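Trainee: I have a new structure to read. Could you take me through it, feature by feature?

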Amino acid sequence: MGSMNFIDRIVAYRDPEKGLARMAARKKLNASYEALTPKTGKRPPREKKLAKELAKISQLPLAQQARWFEENYPIIATALDEVVKNVIGADGLIVQPQPKLKDGSVATDFAKQIQKAYEKSARTWCMDGRTSRPDSEQLICRAIVRDGEIFSRIYAFDGHDYLGDVPFGIEPFECDHIPADLYDKKNNIINGFKLGEYNRTKGYYFVPDLTAFAQKPLFVEVQSVLHTRWQTRIGGLRGISKLAPALLSIHNLKEYEDAVRLGRLVAARIVLVHKKAGGQYVPGQDDEVEDAEYDEPLSFEYGNVLEANKNDEFQTLESAKGAESADVYMQHQQRNVTGTIGANNSAVTGIYNKSYSAQRQEMIDRWAGYIILRALMVRQHVRPAYEGWLNAATLSRTLVPPKDLDWSTLYDASFTGPVMPWIDPYKEAASIKMLKEIGMLPLTLALAQRGLDVSSILEMYKQEKDEIERLELTELLSMVADENTNKTDSKDGKKDE
């Protein structure tokens, strides 16, 4: 435990237990100090700049580097695709409106009207007329991971040229249009943001044309812009690319793959050593060589046939140095990259060499990250945009609420995305059935989580049920269902033999 100093000896003489406690406490203190002073004599680098100062010099360069890797490196593009697929899905996030009447019951008919109008507006959601609502949500999710943030300008009423029935539209734009290096401390402008009391954002300085020289930014008030960002520090105003910690690993992986590729190309080439027992051939001295002593230079193509003298010797030299250890290092770097981005490594790399339990555990871990990113998307973009659209649809009388609507519940809605896939579909269906029966999972939510249009599915189900009853097929179909239902045991869900 270490030697006792003079004071320790005095304390230990009067109270041995307190003496031992002093030595133990000093040992912990020394261990903490040693952690900050490595034995190599060189401390790890420490970040001393404020988050706002870091954003000024690094926010856009990090985003630009991440974009280059996405455009030129397959694993980055695949990882971003994987994140978007699991966070947003093919048809965007599904909304389930839940407005209520004054008696507390759900205004079902009005909710159906909202959902139908919302889906219709999806085709002309963005002001450019090209980007639908699902497309915009996928691009926004991609930009959050790659660039760290994205902005969306909101248009409502004010005589704009809207393409749909509802006077509402958005205009997403990348972080480049709000310059992070725009500072004016006197006017409280930081990172392109205009700040007010309590450090609240009052507006943004927007640069419409990034190619224009010395263009003066336009001020846009905060209520007209949605700022969706990946933020890691409380004092930061700007979002930072999720790829930032992995940029060095991505660069190293690319360099290593290039080196391995070159090494394996060299290893694939065979050097032939031809030891001739007969004549010699020296280029440029043809006139001194007699025809009988002339040897044709050898060349290698596909399917070679060689003629050699009786005593000629042939030897091949090849190299595969280091080729066998390349995969281990590259897979380690790939895990670093996909882990930082938050994507499932097996799905991105296509390497499924782990056990079933390990693959499922990886899927569960990654899916927690997808849920966090989806919740961030809903809080910062999808819900505010939905509420703005519903407000415009109501005020423009595109939607007519019922007279007994509880207006405090007008914006009540839930947003769902893709659910974690199951390897065993039978177990998934059985779990949904069990959760539904005990009241833990409504059927409408289960349908919405799978990206299905709840209203249309239920309508189809009702029509099918009515048609079965009209044709008097209920008993027959019940018999067929009972005959073909899987009878399972408690172990693995397989059919009984």
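Mentor: Start with burial. Buried residues make up 33% of the 497 residues in the protein chain. Buried means under 20% relative accessible area, exposed means over 50%, and partly exposed lies in between, with a 1.4 Å probe and protein chains only.

Trainee: Before we go on, where do the values come from?

Mentor: This is a predicted model, in which local features need pLDDT of at least 70, side-chain atom pairs count only at pLDDT 80 or more, and totals for chains, interfaces and linings use all residues. Residues are numbered from 1 along each chain as its sequence is written, and side-chain values use heavy atoms, with hydrogens and water left out.

Trainee: How many helices and strands does the protein chain have?

Mentor: There are 14 helices and 11 strands. Both are DSSP runs, numbered from the N terminus: helices are H or I with at least four residues, strands are E with at least two.

Trainee: What share of the contacts links residues 24 or more positions apart?

Mentor: Take the contacts in the protein chain with a separation of 6 or more: 65% of them are between residues 24 or more positions apart. Contact means heavy atoms within 4.5 Å.

Trainee: Now the sheets. How do I read strand pairing?

Mentor: Strands of a sheet pair through backbone hydrogen bonds, either parallel or antiparallel. Here two strands pair if DSSP finds at least two bridges between them.

Trainee: How many bridges join S6 to S7?

Mentor: Four bridges join S6 (residues 201–206) to S7. Look for glycine 203, which stands opposite glutamate 221 in S7.

Trainee: Is strand S2 enclosed or open to the outside?

Mentor: Six of the eight residues of S2 (residues 149–156) are buried, so this strand is largely enclosed by the rest of the structure. S2 pairs with S8 (residues 225–229) in the antiparallel sense over five bridges. There, serine 152 stands opposite leucine 226. S2 also pairs with S3, again antiparallel, over six bridges. In that pairing tyrosine 155 faces glycine 169.

Trainee: Which residues of strand S1 lie on each face?

Mentor: Ile94 and Gln96 lie on one side of S1 (residues 94–97), and Val95 and Pro97 on the other. All are buried, and both faces are covered. S1 runs antiparallel to S11, with four bridges joining them. The bridge partner of glutamine 96 in S11 is serine 414.

Trainee: What does threonine 416 contact?

Mentor: Threonine 416 is in S11 (residues 413–416). Its relative accessible area is 8%, so it is buried. Leave aside neighbours within four places in sequence, and threonine 416 is in contact with Leu93, Ile94, Leu445, Ala448 and Gln449.

Trainee: Next, helix packing. What should I look at?

Mentor: Two packed helices are described by the angle between their axes and the distance between the axes. H4 (residues 74–87) and H6 (residues 133–146) pack at about 130°, with their axes 9 Å apart. Axes are lines fitted to C-alpha atoms, for helices over the stretch in contact, and angles run from 0 to 180 degrees between N-to-C directions. H4 and H6 are therefore oblique to each other. The cut-offs are under 35 degrees for roughly parallel, over 145 for roughly antiparallel, 65 to 115 for roughly perpendicular, and oblique for the rest.

Trainee: Which residues make the contact?

Mentor: H4 gives Ala77, Leu80, Asp81, Val83, Val84 and Val87, and H6 gives Gln138, Cys141, Arg142, Val145 and Arg146.

Trainee: One last feature. How do I read phi?

Mentor: Most residues other than glycine have a negative phi, and most peptide bonds are trans. Asparagine 188 has a positive phi of about 60°. This residue is in the loop between S3 (168–173) and S4. With a relative accessible area of 29%, asparagine 188 is partly exposed. Asparagine 191 also has a positive phi, near 55°. Its place is the loop between S4 and S5 (193–195). Asparagine 191 is buried, with a relative accessible area of 0%.
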